[in-house]
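Subject: Handover of a structure and findings

Dear colleague,

Please find below the structure that I am handing over to you.

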Amino acid sequence: MSDKNRNFRSSYYDKVGFRGVEEKKSLEILINEKPMDKEKLSKFCLRFTLPAIYREYVWKVLLGVLPVNVERHNSILNQRSEYYKDLEHSLEIMRKITKETPKAIIHTLMFLLIEEVLDFETQRQLETAEVQNIIALANFFLDVCSTEIAFWMLRNFILYQQKFSVLPKFLIENLESILRQEDDALYEHLKKIKALEVLPLDMWFGRYFAGVIHESSLARIFDKVMGGSCKILPYVAASLLIVRRHLLLPLNDSAKIIDILKQNPEDISDMVVNKALDLYS
């Protein structure tokens, strides 16, 4: 087998979470425990990529969308479904949404409503940077989960991250340190043209790269975040810059650099995530 084919297969197995049969068996043992142990599941996420077929289920347990006791799953899901419909109906009565309103906006408004922070001037609130990040996350969860579950994942993920928030300054300092170590030439170039100062890092970190990295690739990064580590985020940022270095090094215009970094199709996103996971491990 050629190195090219071997690398492709290795990358593919990483993406779908089937790098090791023993790892899959270990996860199945954890899932079948009664009750499940969230700490063990978290540690698994930090060490391995979740198999795609188990990802949503494990995320639901880690975020508390589902309890650790399997016997209660159906009743909890029914309760959440009724609550979801009540929230959606409330927004309809308030004339905040219509049948044409995108689901990501609906889920964002539902989150703001349930947390009692929905403004009277809804449109202005939706345009704020903080809420734009929530919309990006809402779109991400809608891409990887069923509709109602996507809302509860969004809500619990935001609340979960608020408990364990990492200061943006810490993430930015880590990014610069990683980039300097892994690609000093690129670091010095970006520093010289002051591109590091204008990179949308607050947005990248605030939305966990949702809408920046393709969702199918980004899910593997979320495995680590769900496991309890936001420290991988600077590695994603550094990897994005390194993977795009051949386009960035000839440029002296910061605005053009930012434009390039906005466009990350699935193949580029796979390369970025593979690089980030390699550097992080």
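The notes below set out what was found, arranged by topic.

Please bear in mind throughout that this is a predicted model.

Backbone geometry

The peptide bond between Lys34 and Pro35 is cis, with omega at about -5°. Pro35 belongs to the loop that runs between helix 2 (21–31) and helix 3 (38–47).

Lys194, although not a glycine, has a positive phi of about 65°. This residue sits in the loop between helix 11 (184–192) and helix 12 (201–206). Tyr208 is likewise not a glycine and has a positive phi, here of about 55°; its loop lies between helix 12 and helix 13 (215–226).

Are these two residues buried or exposed? Tyr208, with a relative accessible area of 11%, falls under the 20% limit and so counts as buried.

Packing of helix 13 against helix 17

Helix 13 packs with helix 17 (residues 266–280) at an angle of about 25°, and the two axes are 8 Å apart. Because angles under 35 degrees count as roughly parallel, helix 13 and helix 17 are roughly parallel to each other. On the side of helix 13, the contact is made by Ser216, Ser217, Leu218, Arg220, Ile221 and Lys224. Helix 17 contributes Glu266, Ser269, Asp270, Val273, Asn274, Ala276 and Leu277. Sorted by class, this contact of helix 13 with helix 17 has 5 nonpolar, 4 polar and 4 charged residues.

Setting aside neighbours within four places in sequence, Ile221 is in contact with Ile232, Val236, Val273, Ala276 and Leu277. Among these, Val273, Ala276 and Leu277 are also part of the helix 17 side of the packing described above. As a distance for reference, the C-alpha atom of Ile221 is separated by 30 Å from that of Glu88, a residue 133 positions away along the chain.

Salt bridges

How many salt bridges does a search of the whole structure find? The search finds 11, and three of these are described here.

The side chains of Lys43 and Glu39 meet in a salt bridge with an N to O distance of 3.5 Å. Lys43 and Glu39 are 4 residues apart in helix 3, and are therefore separated by about one helical turn. Glu39 is exposed, with a relative accessible area of 52%.

Lys60 forms a salt bridge with Glu56, in which the closest N and O atoms are 3.6 Å apart. Both residues are in helix 4 (residues 52–62); being 4 residues apart, they too are separated by about one helical turn. Lys60 has a relative accessible area of 11% and is buried, whereas Glu56, at 23%, is partly exposed. Apart from neighbours within four places in sequence, the contacts of Lys60 are Val65, Leu66, Ile149 and Met153.

Glu121 and Arg124 form a further salt bridge, with the closest N and O atoms 3.2 Å apart. Glu121 is partly exposed at 42% relative accessible area, and Arg124 is exposed at 58%.

The nonpolar core

In soluble globular proteins, nonpolar side chains tend to be buried together. The largest nonpolar core in this model has 94 residues. Which of them touch the most other members? They are Trp59, Phe141, Phe157, Trp204, Phe209, Phe222 and Leu241. Helix 9 (residues 147–163) supplies the largest share of this core, with 9 residues.

Phe157 illustrates the contacts around one of these residues. Not counting residues up to four places away in sequence, Phe157 touches Leu63, Leu137, Phe141, Tyr208, Phe222, Val225 and Met226. Tyr208 in that list is the buried residue with the positive phi noted under backbone geometry.

With kind regards

Key
Residues are numbered from 1 along each chain as its sequence is written. This is a predicted model: local features need pLDDT of at least 70, side-chain atom pairs count only at pLDDT 80 or more; totals for chains, interfaces and linings use all residues. Side-chain values use heavy atoms; hydrogens and water are left out. Helices (H or I, at least four residues) and strands (E, at least two) are DSSP runs, numbered from the N terminus. Buried means under 20% relative accessible area, exposed over 50%, partly exposed in between (1.4 Å probe, protein chains only). Axes are lines fitted to C-alpha atoms, for helices over the stretch in contact, and angles run from 0 to 180 degrees between N-to-C directions. Angles under 35 degrees count as roughly parallel, over 145 as roughly antiparallel, 65 to 115 as roughly perpendicular and the rest as oblique. Contact means heavy atoms within 4.5 Å. Ala, Val, Leu, Ile, Met, Phe, Trp, Tyr, Cys and Pro count as nonpolar, Asp, Glu, Lys and Arg as charged, and the others, Gly among them, as polar. A salt bridge is a side-chain nitrogen of Lys or Arg within 4 Å of a carboxyl oxygen of Asp or Glu. A nonpolar core is a set of buried Ala, Val, Leu, Ile, Met, Phe, Trp, Tyr and Cys residues joined through side-chain atoms within 4.5 Å.
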